[in-house]
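Let's take a walk through this one together.

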Amino acid sequence: MSKVAIRPESFDTQLRKRRRWQRMLLRDENLAWDIRRVGVDLPSSVFTGLTGGATLMIVGILAFILANILWNGWSGLSWRFVVAGTTEDMFDVNKAGVFPMIFGTAARVILMTLFVIPVGVITAVYLTEYASPTSPVTRIIRGAVNNLAGVPSIVFGLFGLGFFISFVGGHLDRLFLPGTAEPVWGKPALVWASMTLAVMTLPVVIVATEESLRAILPGLREASLALGATKLQTVVKVVLPQALPGILTGGILAVSRAAGEVAPILFTGAAYYMAHLPQSLTDQFMDLGYHVYVLSTQSPNIELTRPILYATVVVLLGLTFALNVAAIVIRSRVRQRLRAMH
Amino acid sequence: MPAPMDPLVKLDSRITVGSTEDHASHAPLIEVKDLSLWYGTANALDHITVLIRERVVTAFIGPSGCGKSTFLRCLNRMNDLIDHVRIAGSVHIASQDIYSHEVDVIELRKRIGMVFQKSNPFPKSIYDNIAYGLRIQGVRDRAALDEAVEKSLRDAALWEEVKDRLHSSAMGLSGGQQQRLCIARAIAIRPEIILMDEPASALDPLATARIEDLILELKKEFTIVIVTHNMQQAARISDFTAFFYLGKLVEYDTTARMFTNPARKQTEDYITGRFG
Ligand SMILES: Nc1ncnc2c1ncn2[C@@H]1O[C@H](COP(=O)(O)OP(=O)(O)O)[C@@H](O)[C@H]1O
Ligand SMILES: [Mg+2]
């Protein structure tokens with residue numbers, strides 16, 4: 001239809017609306033009805049506009065941030081930058097590299113995943129499969145999990161310092177290495193930073209796992225138990241395989257949350273500078289996020305450092321993205337294998 | 001602890017034991033005495049006393065909500081899994097009190113297979129479904145598993161239909177095939193008793209007929225207790241019929257007598273379709 005055909009129609013509509021308004025003012029009995037009619041028309045377009053605008057704004061801001069980072073970081077990015085270490089001068093765009101930070105960040109995220117998934121899954125299995133839903137213990141655990149999700153990440157950092165390093169690490173040193181002057185366990189380390197991050201991301205994994213466990217048809221559990229399977233066999237052979245995609249979703253969320261976090265590892269493992277890569281779980285490590293902070297606050301020559309500051313951010317985003325993609329690929333493989341059986 | 005019931009003692013005979021003469025060769029296997037069950041405070045079973053014979057089909061009929069499933073689940077202690085269930089009375093299977101503390105529930109359930117109203121194959125391959133019960137018992141030998149899978153599928157009249165796709169998903173089968181798969185899965189571990197809770201209620205007439213044929217075949221080897229709200233089905237396949245109403249056992253007798261000459265007015269009304 002041509003535009004000409006639309007115009008008189010929309011004019012007609014306007015006219016009808018005006019008449020309706022007039023009627024509304026004149027005739028009391030139609031008042032409520034008309035307000036309702038107008039009430040449907042008016043806000044729906046307003047809300048469409050508002051939500052659309054908000055979406056556009058978010059996309060715009062995101063695009064601006066990414067463009068800004070890429071624009072400024074481009075000159076600092078090079079293959080040498082990604083694979084080189086920091087032995088020369090970590091603040092000089094022509095000499096510095098971020099490989100140790102990539103290594104450290106990837107190591108702490110992967111280790112964290114290894115800690116958080118078993119603990120989170122076992123907790124979720126306990127809560128949904130074993131504990132009575134109304135028992136006080138269950139309610140306390142659930143409340144604790146929910147509150148854990150709301151704790152600021154710096155508090156996890158302090159918790160890691162107090163619990164893992166001073167308490168656990170200190171005791172390990174006293175028990176197994178008495179008389180050693182230098183602490184081995186009782187100091188910031190890759191293992192403690194990963195565990196601190198694991199504590200922080202625990203709620204995500206627990207909630208995702210619980211949700212997927214609850215989605216499993218109760219008939220499957222009954223079928224297994226009626227065949228003489230123990231509860232543990234039922235969980236391991238029937239329940240968990242079904243819940244695997246949900247568990248991996250929890251893992252993906254945990255990775256996303258943890259990869260960019262700096263506060264929890266500040267006191268528990270991240271190093272300002274290290275001449276070599278971490279050799280063991282008790283070594284400290286350099287971290288991309290923390291390195292961004294170091295570059296932006298400690299550089300003697302800001303002009304020489306700025307390109308690598310941005311380039312480091314690009315690498316951090318790239319690594320977070322890559323870790324997420326890896327997790328998503330694993331999940332889709334698992335889903336495919338499961339779907340073949342559905 | 002109640003003493004094991006002497007099967008020779010005739011209880012209020014037509015109500016609890018069923019007629020004996022025609023089935024003298026079938027010894028009593030399950031002896032239920034004064035069994036009551038409460039979900040919280042709601043009484044679901046009220047002093048059920050019944051004696052079920054081996055290698056016959058015993059059908060439990062009654063309107064829905066009268067406690068048939070609850071009763072069935074008492075026999076393999078599936079009600080243990082539900083919170084706030086309280087049980088009184090006794091159930092003896094082969095003279096063993098299954099609610100005594102010495103009884104290992106896991107071992108008990110290996111002796112008593114169960115087929116559910118809604119077919120519930122595992123989302124695994126047909127083969128893995130059948131092998132599941134044996135594998136959890138630790139059977140690893142491939143040849144033994146292969147043999148058990150084939151035998152169970154043949155016994156469940158499913159072998160010809162699935163022999164070429166044993167390793168594809170059980171979820172790809174039709175509803176009737178899935179239910180026969182569940183029967184095959186239950187008999188793979190060679191239980192003594194098979195409990196069936198309305199196994200054909202979700203199936204079309206043709207699939208139902210196949211299940212009924214299968215049940216008649218299986219009773220040569222297994223003791224079958226079946227719950228159904230379909231009276232024609234009970235009449236077609238069972239040797240004994242028990243009529244439940246509002247948690248009580250109203251009447252229990254040979255199927256032939258129940259359907260031709262019931263002792264109680266209530267039974268007659270139900271069977272002739274006057275209520276329920
Ligand atoms: N898990 C349960 N919790 C509480 N009440 C239940 C539960 N299962 C069944 N009931 C109740 O017990 C009664 C008997 O149910 P059921 O044994 O399923 O009857 P039927 O199998 O004969 O239809 C019904 O009133 C039902 O609502
Ligand atoms: Mg039922």
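Which residues surround ligand 1? Keep in mind as you look that this is a predicted model. The shell is made up of Tyr39(B), Ala44(B), Ser64(B), Gly65(B), Cys66(B), Gly67(B), Lys68(B), Ser69(B), Thr70(B) and Ile82(B). Sorted by class, that gives 4 nonpolar, 5 polar and 1 charged residues.

Now zoom in on the polar atoms. Thr70(B) puts a polar side-chain atom 2.4 Å from an oxygen atom of ligand 1, and a polar backbone atom of Gly65(B) sits 2.6 Å from a ligand oxygen. Tyr39(B) has a polar side-chain atom 3.4 Å from a nitrogen atom of the ligand. On its own, ligand 1 has 550 Å² of accessible area, and the protein covers 56% of that.

Next, follow helix 2 (68-75) of chain B into the loop that runs to strand 4 (85-93), where you'll find Asn76(B). Asn76(B) counts as buried because its relative accessible area is 0%, and the cut-off for buried is under 20%. Leaving out residues up to four places away in sequence, Asn76(B) touches Leu108(B), Arg109(B), Ile112(B), Met114(B) and Leu195(B), plus Ala226(A) from chain A.

Of the chain A contacts between residues at least 6 apart in sequence, 72% link residues at least 24 apart. Chain A exposes about 19100 Å², with 69% of it supplied by carbon and sulfur atoms.

Methods:
Residues are numbered from 1 along each chain as its sequence is written. Chains are lettered from A and ligands numbered from 1 in the order in which they are written. This is a predicted model: local features need pLDDT of at least 70, side-chain atom pairs count only at pLDDT 80 or more; totals for chains, interfaces and linings use all residues. Side-chain values use heavy atoms; hydrogens and water are left out. Contact means heavy atoms within 4.5 Å. Accessible areas come from the Shrake-Rupley method with a 1.4 Å probe; for residues, only the protein chains shown count as cover. Helices (H or I, at least four residues) and strands (E, at least two) are DSSP runs, numbered from the N terminus. Buried means under 20% relative accessible area, exposed over 50%, partly exposed in between (1.4 Å probe, protein chains only). A residue is near a molecule or strand if one of its heavy atoms lies within 4 Å of it. A polar contact is a pair of N or O atoms within 3.5 Å; within protein, one must be able to donate a hydrogen and the other to accept it, and residues adjacent in sequence count only if both atoms are side-chain atoms. Ala, Val, Leu, Ile, Met, Phe, Trp, Tyr, Cys and Pro count as nonpolar, Asp, Glu, Lys and Arg as charged, and the others, Gly among them, as polar.
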